[in-house]
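Okay, everyone, thanks for coming along. Let me put the sequence and the model up on the screen, and then I'll walk you through it.

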Amino acid sequence: MLRYVAVRLAATVPVLLGISIVVFTMIRLIPGDPSHAILLSMVEPGADISRLQEDLATLRRDLGLDEPYPVQYVGWLTSILTGNLGTSLRSGAPVLDELWMRLPATLELAGAALVVMVVVAVPAGIAGAVWHGRVADRVARLVTLLGVSVPGFLLGLLLMYGFSVGLGWFPTYGRGTPAHLVLPAVTLGLGLAAGVSRLLRASLLDALSQPYVATAEAKGLHWRVIVLRHALRNALLPVCTNAGLIVSGLLGGAVVVETVFSWPGVGRYVVDSITGRDYPVIQAFAIAMALAYVLINLAVDLGYRLIDPRVRVEGAG
């Protein structure tokens, strides 16, 4: 097992290196110059920036933007390897500090969304499989279809209009009290629950058709015991296989939800950095997400053995 983990971790090195090259190159292909935006924020409104070419050249030199791309990339990669994610071009603060300051808000939203996802997806998936073709199954499939079809930003706006503007039950934006968390978490969690419940339903239907279920029924076991203790455990394997997609949906959806509800998390911070062409922030976020995906996929592979001891990770011995 340790050998397998070491091999997988070693294999992440070229993956992360390739991602860093792609991200570094694509960001610099975006039209515009961040030094222009920074300089405009430092001068009075309506000032003629064409008269500030000397200041612009000085700013580009201070930011290292006047160097060739290979030199910029090597310098940035060296900083990353030493634990320095760079300095924000807009605020002048270390990127790591700013990400770390906003991470608790994103983790809070992600955790609450996962709770919503489990509470909605697991009962809906089980109901759809146990009562296949009946009213409960049709209702569950209709709800999940709506959840998959409605974009996250639209669902968030609808919930905001109904429960914040219309009923006044929850705040419309910001973070502070548990009430601020409800609508963003429900928006993000329902979008994830739709796909997970459909997958769990299909997997559980397959598990319930296996011979061991018929054997358990012949022994007189209650259907709740058969479903929850035997079939559900096997049905969770495909869900765990898609854990990477679930996390990607969680992170990608968090960016949208944080923007809609003005949630002060990492997603909103990155969106603001993209609009402001803050290269170091975008690059650091991309590398951090790539590393997170790699580690999550590794954890999923190892988690198979906890769910089903019969599964053996290839190369683990």
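**A walk through the helices**

Alanine 185 sits in helix α8. Is it buried or exposed? Alanine 185 is buried, with a relative accessible area of 4%; buried means under 20% relative accessible area, exposed over 50%, and partly exposed in between, using a 1.4 Å probe and protein chains only. One more thing here: 73 residues separate alanine 185 and glutamate 258 along the chain, and their C-alpha atoms are 10.0 Å apart.

Before I go on, a word on what you're looking at. This is a predicted model, in which local features need pLDDT of at least 70 and side-chain atom pairs count only at pLDDT 80 or more, while totals for chains, interfaces and linings use all residues. Residues are numbered from 1 along each chain as its sequence is written, and side-chain values use heavy atoms, with hydrogens and water left out.

Now the overall picture. The protein chain has 13 helices and 0 strands; helices are DSSP runs of H or I with at least four residues, strands are runs of E with at least two, and the numbering goes from the N terminus. Of the chain's 317 residues, 37% count as buried. And among contacts with a separation of 6 or more, 75% are between residues 24 or more positions apart.

Back to α8, then. Which helix supplies the largest share of the main core? Let me get there in two steps. The largest nonpolar core has 33 residues, and Leu109, Met117, Leu181, Leu188, Val196, Leu204 and Leu250 touch the most other members. By nonpolar core I mean a set of buried Ala, Val, Leu, Ile, Met, Phe, Trp, Tyr and Cys residues joined through side-chain atoms within 4.5 Å. At least two residues of this core come from each of α5 (95–130), α7 (152–166), α8, α10 and α11 (243–260). The largest share, 10 residues, is from α8.

Take methionine 117 as an example: beyond its neighbours within four places in sequence, it's in contact with Val122, Gly189, Leu192, Ala193, Val196 and Ile246. There's also a second, separate core of 14 residues, which includes Trp76, Val95, Tyr269 and Ile287.

Trp76 turns up again with glutamine 283, which is in contact with Val23, Phe24, Ile27, Arg28 and Trp76, leaving aside neighbours within four places in sequence. Glutamine 283 lies in helix α13 (residues 279–307), and at 2% relative accessibility it counts as buried.

Okay, how do the helices pack? The axes of α8 (residues 178–208) and α10 (residues 223–241) come within 8 Å and cross at roughly 125°. Axes here are lines fitted to C-alpha atoms, for helices over the stretch in contact, and angles run from 0 to 180 degrees between N-to-C directions. So α8 is oblique to α10: under 35 degrees counts as roughly parallel, over 145 as roughly antiparallel, 65 to 115 as roughly perpendicular, and the rest as oblique.

Next, α6 (residues 135–149) packs on α8 at about 135°, with the axes 8 Å apart. That makes α6 oblique to α8, and this crossing is left-handed. By class, the contact of α6 with α8 has 3 nonpolar, 5 polar and 4 charged residues.

One of the α8 residues touching α6 is Ser197. Serine 197 is buried, at 3% relative accessible area, and apart from neighbours within four places in sequence it's in contact with Ala121, Ala124, Gly125 and Thr144.

Last pair: α9 (residues 211–218) and α10 pack at about 170°, axes 11 Å apart, so α9 is roughly antiparallel to α10. Tyr212, Val213, Ala216 and Glu217 of α9 meet Ile226, His230, Ala231 and Asn234 of α10.

Notes
Contact means heavy atoms within 4.5 Å. A crossing is left-handed if the near helix is turned anticlockwise from the far one by less than a right angle, and right-handed if clockwise. Ala, Val, Leu, Ile, Met, Phe, Trp, Tyr, Cys and Pro count as nonpolar, Asp, Glu, Lys and Arg as charged, and the others, Gly among them, as polar.
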